[in-house]
Structures are given as structure tokens and as C-alpha cells.
Amino acid sequence: MKRPIFVGIVLSIAAVVSGLALSTASSVAATSLPTLTLALTKNTVTVGGGSMVSGAVNVVTTVTGEKSDTPILILLKPGVTPAEFGKVIASLSPTAPFDAIDPYGTVVFDGFAAAGAPSSGQTVLEPGTYVAGETGNGHAVFTVTRAATPAALPTPGATVTAVDFRFRGARTLHDGELVRFQNDGYLIHMFVYIPVKSVVAAKKAEAALLAGNTKTAKKYAIGKPGTFVEPLSHGQLQQEVITQPPGVYVMACFMNAQDGREHFQLGMMRTIKIVK
């Protein structure tokens with residue numbers, strides 16, 4: 001398994017794609033939140049929906065002309081232009097830690113969407129200039145202005161928090177429950193899951209991952225890995241409705257550390273259960 005890498009540079013803007021086989025897109029039931037729409041094709045991103053003001057938002061993604069895609073929203077740091085950000089991305093080595101973008105941009109939303117029914121997730125947009133990207137060559141730049149009365153996120157049923165290098169919070173999630181995935185670490189983290197047969201199998205898979213032996217860890221998987229939320233920057237959060245089947249899962253972060261190890265090799269994994 002590989003960590004996410006930058007691909008598809010066009011006009012010096014790149015999106016992020018995970019080397020994992022992502023299988024499930026979470027969806028969020030209709031809410032009263034403003035909607036920001038992302039229409040993705042293999043090489044284009046179209047931003048719409050009318051929600052270009054700060055505050056909580058429901059990001060709804062549709063994919064056409066391809067099986068799946070990975071929508072990402074990056075808030076540029078003050079004074080950084082899209083062209084400057086693109087040059088930074090283009091200069092990065094594929095093995096460089098994703099955290100190298102921190103001085104230039106903040107990943108505020110990062111999901112997975114399959115063709116067919118729209119997928120959605122909730123986040124909070126701050127005022128500023130954004131780059132919306134996908135796994136191909138497409139990108140779009142848009143501006144979020146300050147709202148007089150920003151919308152607030154609905155209260156989740158559970159929260160899972162990433163820190164450097166652990167997961168904290170709920171260990172049991174419920175099918176159909178709105179869950180907040182939050183990065184309180186200083187580094188960029190992701191919430192990947194691997195379905196396993198039992199808690200015993202989960203502990204064996206964790207031991208293999210800690211040793212850096214992903215080949216052995218795969219033997220305990222009973223289905224394809226997927227993501228609750230892809231890489232998020234420090235202080236960012238995303239809310240999803242749990243749609244994964246009830247069972248036991250190993251949740252891990254596959255980002256690269258400065259020394260070349262992946263975060264799960266530093267202990268960033270956790271056994272969780274999804275129940276009805």
C-alpha cells in the first residue's frame with residue numbers, strides 16, 4: 001500500500017489520489033446546510049451550488065465519465081496565488097511528506113466519490129481562495145466570502161480524532177450515524193479502514209502494520225480497504241454518515257513521516273467496530 005501522492009499537474013495545480021483501493025463513498029442525508037457542488041470528470045472540476053460564503057457546508061460530489069474520483073478542497077494561505085501553489089506542488093518529490101504543502105495551503109475537505117448516486121460530506125469553509133481538485137488534470141479556483149451569519153455543523157453522534165500518532169474518541173460507530181472525523185495533530189492525517197474478520201484478526205493485522213509488513217496485514221482483510229476521510233490538514237474536520245457494513249475494522253493512517261516510515265508504523269491505527 002502506498003501513501004497518497006500528487007498526480008495530474010495542469011497549470012501547475014495538482015490533486016491528490018490514494019494508492020489504496022478505495023471502495024466505499026460515504027454519503028450524508030439531506031440537511032439544512034448550504035450546499036457546495038463538485039461535478040467531476042476525468043479532467044475537469046466544476047464548482048457550483050451557490051454556497052460561496054463561510055461556514056458549515058454540505059459538499060455534494062457527482063462523478064461522470066469515470067468509475068470514481070477523489071474531490072479535494074485546498075484553502076490557500078493568505079498571499080499565496082494558485083499559480084504559486086501549483087509550482088510548489090510541481091516541485092515536490094513523490095516521496096516527500098504531504099506536510100510540505102502546509103506553508104502554502106490547507107486541506108479542508110478530501111473525499112472519495114463513485115459514479116452514480118452523488119456522495120456528500122460536511123465541512124466548514126473559512127473565507128479565502130480555494131483550489132478544488134480531482135485525481136486527473138482538473139482543477140477550479142473559487143473564492144469564499146465571509147458570511148454575516150455562518151451556518152453551523154449539526155452535532156455528530158460520535159467523534160474520531162487523529163493526533164500525532166494515535167486515534168482517539170469513539171471505538172464503536174453505528175450504521176447510519178453522523179460521525180465527525182477531526183485532525184487535531186500537527187501533521188496531515190487520513191482515516192483509512194481495513195475490514196477484518198474479528199478483533200483477534202484486527203490485533204494481528206495491527207502487529208503486522210506496526211512492523212511495516214503490509215503484505216502480512218493484507219492476509220487478515222476480508223474485503224477491500226476504503227476511507228472514511230482522506231488526508232486533512234491540522235485543525236480540519238469532516239463529517240460523514242456511516243454506511244459501511246457492520247463488522248470489525250482496523251483504522252490506520254497511511255501518510256509518510258519525515259523519516260520515511262508511514263504513520264501506522266508509528267502506532268497510528270485502531271480497532272473499531274461498526275454496529276447496527
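In which strand is Arg168 found? Selecting Arg168 places the viewer in strand E14, where helices (H or I, at least four residues) and strands (E, at least two) are DSSP runs numbered from the N terminus. The model is predicted, so local features need pLDDT of at least 70 and side-chain atom pairs count only at pLDDT 80 or more, while totals for chains, interfaces and linings use all residues. Residues are numbered from 1 along each chain as its sequence is written, and side-chain values use heavy atoms, with hydrogens and water left out.

**Stop 1: Arg168**

Arg168 counts as exposed, at 53% relative accessibility; the scale calls a residue buried under 20% relative accessible area, exposed over 50% and partly exposed in between (1.4 Å probe, protein chains only). Display the contacts of Arg168 next, a contact being heavy atoms within 4.5 Å. Residues up to four places away in sequence aside, Arg168 touches Thr159, Val160, Thr161, Val163 and Arg270. Met269 is 101 residues from Arg168 along the chain, and the C-alpha atoms of the two are separated by 9.9 Å.

**Stop 2**

Select Phe167 and Phe191. Rings of Phe, Tyr and Trp (its six-membered ring) pair if their centres lie within 6.5 Å; planes under 30 degrees apart count as stacked, over 60 as edge-to-face and the rest as tilted. Seven aromatic pairs are found in a search of the whole structure. The ring centres of Phe167 and Phe191 are 5.5 Å apart and the ring planes stand at 45°, so this pair is tilted. Phe167 lies in strand E14 (residues 166-169) and Phe191 in strand E17, so the pair ties together parts that are 24 residues apart in sequence. Phe167 is buried, with a relative accessible area of 6%, and Phe191 is buried as well, at 0%.

**Stop 3: the nonpolar cores**

A nonpolar core is a set of buried Ala, Val, Leu, Ile, Met, Phe, Trp, Tyr and Cys residues joined through side-chain atoms within 4.5 Å. The largest such core holds 48 residues, of which Val160, Phe167, Leu173, Phe181, Phe191 and Phe228 touch the most other members. Strand E17 gives the most to this core, with six residues. Apart from it lies another core, of 19 residues, including Leu38, Ala113, Ala140 and Phe142.

Centre the view on Leu173. Not counting residues up to four places away in sequence, Leu173 touches Ala158, Val160, Val179, Ile242, Ile272, Lys273, Ile274 and Val275.

**Stop 4: strands E17 and E18**

Colour E17 and E18 next. The two strands run antiparallel and are joined by four bridges; strands pair if DSSP finds at least two bridges between them. Val192 stands opposite Thr227 in E18. Seven of the seven residues of E18 (residues 226-232) are buried, so this strand is largely enclosed by the rest of the structure.

**Stop 5: helix H2**

Does the selection of residues 199-210 show a buried or an exposed Glu206? In H2, Glu206 is buried, together with Ala201, Ala202, Ala205, Ala208 and Leu209. Seen down the helix axis, the buried residues of H2 fall within an arc of 160°, so they line one face of the helix; the arc is that of the directions from the helix axis to the C-beta atoms. An α-helix has 3.6 residues a turn, so residues three or four places apart point the same way. The buried residues of H2 pack against strand E17 (189-196), helix H3 (214-218), strand E20 (247-252) and strand E21 (269-275).

The expected span of a helix is 1.5 Å times one less than its number of residues. For the twelve residues of H2 this gives 16 Å, which agrees with end C-alpha atoms that are 16 Å apart. Gly212 follows H2 and has a positive phi, near 80°.

**Stop 6: strands E7 and E8**

Move to residues 72-76, strand E7, which runs antiparallel to E8 and is joined to E8 by five bridges. Leu76 stands opposite Gly105 in E8. Six of the six residues of E8 (residues 105-110) are buried, so E8 is largely enclosed by the rest of the structure.

**Stop 7**

Select Thr61, which lies in strand E5 (residues 55-63). Thr61 counts as buried, at 1% relative accessibility. Beyond its neighbours within four places in sequence, Thr61 is in contact with Leu38, Leu40, Pro71, Ala113, Pro118 and Ser119.

End at Lys67, in the loop between E5 and strand E6 (68-69). Lys67 counts as exposed, at 77% relative accessibility. With residues up to four places away in sequence not counted, Lys67 touches Ala114 and Ala115. The C-alpha atoms of Lys67 and Ala113, 46 residues apart along the chain, are separated by 8.8 Å.
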